[in-house]
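Notebook open, structure loaded. I'm jotting down what I look up as I go.

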Amino acid sequence: MLEIKGLGHTYDDGHRAVDGIDLEVAQGELVSLVGPSGCGKSTLLRCVAGLLTPTEGAVVIGGRAVERVPDELAVVFQDYTRSLFPWLSVRDNVALPLRRRGLRRAQRRAAAEEALGQVGLAAAARRYPWQLSGGMQQRAAIARALAYRPALLLMDEPFGSVDAQTREDLEDLLLGVRGTGAEGDKEDRGGGGDGGGMTILLVTHDIDESVYVGDRVVVLTGAPGRVHSDLRVGLPAPRD
Ligand code: ADP
Ligand code: ADP
């Protein structure tokens with residue numbers, strides 16, 4: 001589903017952030033990406049998202065070079081303060097990208113409300129981003145990505161600003177949606193890429209979280225960052 005081949009990136013100022021990264025992610029897999037601060041996790045994610053052009057190597061999604069597939073992608077950034085449109089209600093923020101799915105207004109709103117319910121924000125649907133706490137804004141950004149049902153979901157420290165209990169709920173939510181992308185209502189939503197389920201790449205600095213939600217944990221180390229290890233994880237133990 002996702003193939004990263006010999007990926008290297010050197011920023012304009014000469015700073016080399018990642019070097020020779022090879023990674024293959026199967027459709028429906030949730031891969032956690034961990035490693036010390038500065039090892040290039042965000043750089044790697046931005047290259048996969050097509051926001052940064054790698055200086056070496058390539059990113060291929062579903063057999064196509066990444067520049068050609070933005071519709072199959074959704075990204076949740078660490079910085080929630082810049083992810084929502086301030087002049088749209090929370091519900092309309094979540095509903096907006098669904099226009100690209102060809103959904104009608106009522107369907108978009110229904111899908112947005114469903115996703116907001118999943119992240120515990122049903123009651124905030126009609127509010128505006130500036131009326132929400134940071135954690136709620138972050139959850140709204142997550143709801144927007146989930147409602148879109150992308151084939152590939154990229155998340156960079158998405159739970160950094162939410163409280164511990166909500167974080168656990170969101171981790172469980174991710175476990176629920178990974179590999180199940182557009183199952184069931186693919187025809188009317190047009191989501192989920194080629195049908196086998198949502199593939200998720202999650203950057204986190206929380207080792208417990210990486211193991212709890214990940215089918216695999218990929219550890220980057222060094223400067224520039226390289227893949228240090230790639231561990232397959234069993235099914236998570238149920239929470240107490
Ligand atoms: P991580 O997400 O693992 O903390 P980053 O990908 O943000 O790592 O950064 C990797 C390295 O690249 C760091 O040394 C960082 O300072 C550097 N870096 C990140 N962004 C830029 C940039 N825009 N210009 C120059 N160097 C950068
Ligand atoms: P993260 O670890 O999540 O990447 P950082 O605090 O390292 O967060 O980086 C925050 C922002 O600063 C990013 O947009 C990154 O590109 C930028 N940045 C980081 N290091 C540098 C650098 N050495 N030069 C320029 N920009 C940088």
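I started with α4: 14 of its 15 residues are buried, so this helix is largely enclosed by the rest of the structure. Buried here means under 20% relative accessible area, with exposed over 50% and partly exposed in between (1.4 Å probe, protein chains only). Helices (H or I, at least four residues) and strands (E, at least two) are DSSP runs, numbered from the N terminus.

Ground rules before I go on: this is a predicted model, where local features need pLDDT of at least 70, side-chain atom pairs count only at pLDDT 80 or more, and totals for chains, interfaces and linings use all residues. Residues are numbered from 1 along each chain as its sequence is written, chains are lettered from A and ligands numbered from 1 in the order in which they are written, and side-chain values use heavy atoms, leaving out hydrogens and water.

Back to α4, residues 134-148: I checked its length, and first to last C-alpha it reaches 22 Å, close to the 21 Å expected at 1.5 Å a residue. The expected span is 1.5 Å times one less than the number of residues. Arg149 follows α4 and has a positive phi, near 50°.

Next, α3, residues 105-118. Its 14 residues should span 20 Å at 1.5 Å a residue, and the end C-alpha atoms are 20 Å apart, which agrees. Which residues of α3 are buried? I get Arg108, Ala111, Ala112, Ala115 and Leu116. They cover an arc of only 135° around the axis, which puts them on the same side of α3. The arc is taken from the directions from the helix axis to the C-beta atoms. Just after α3, Gly120 takes a positive phi of about 75°.

Then I looked at ligand 2. Ser42, Arg46 and Gln78 surround it, going by a heavy atom within 4 Å. For polar contacts I used pairs of N or O atoms within 3.5 Å. Ser42 has a polar side-chain atom 2.8 Å from an oxygen atom of ligand 2, and for Arg46 I read 3.0 Å, again from a polar side-chain atom to a ligand 2 oxygen. For Gln78, a side-chain N or O atom is 2.7 Å from an oxygen atom of ligand 2. The protein covers 31% of the 540 Å² of accessible area that ligand 2 has on its own; areas come from the Shrake-Rupley method with a 1.4 Å probe.

Last, the whole protein chain. I noted seven helices and ten strands, and 52% of the 240 residues count as buried.

Key. A polar contact is a pair of N or O atoms within 3.5 Å; within protein, one must be able to donate a hydrogen and the other to accept it, and residues adjacent in sequence count only if both atoms are side-chain atoms.
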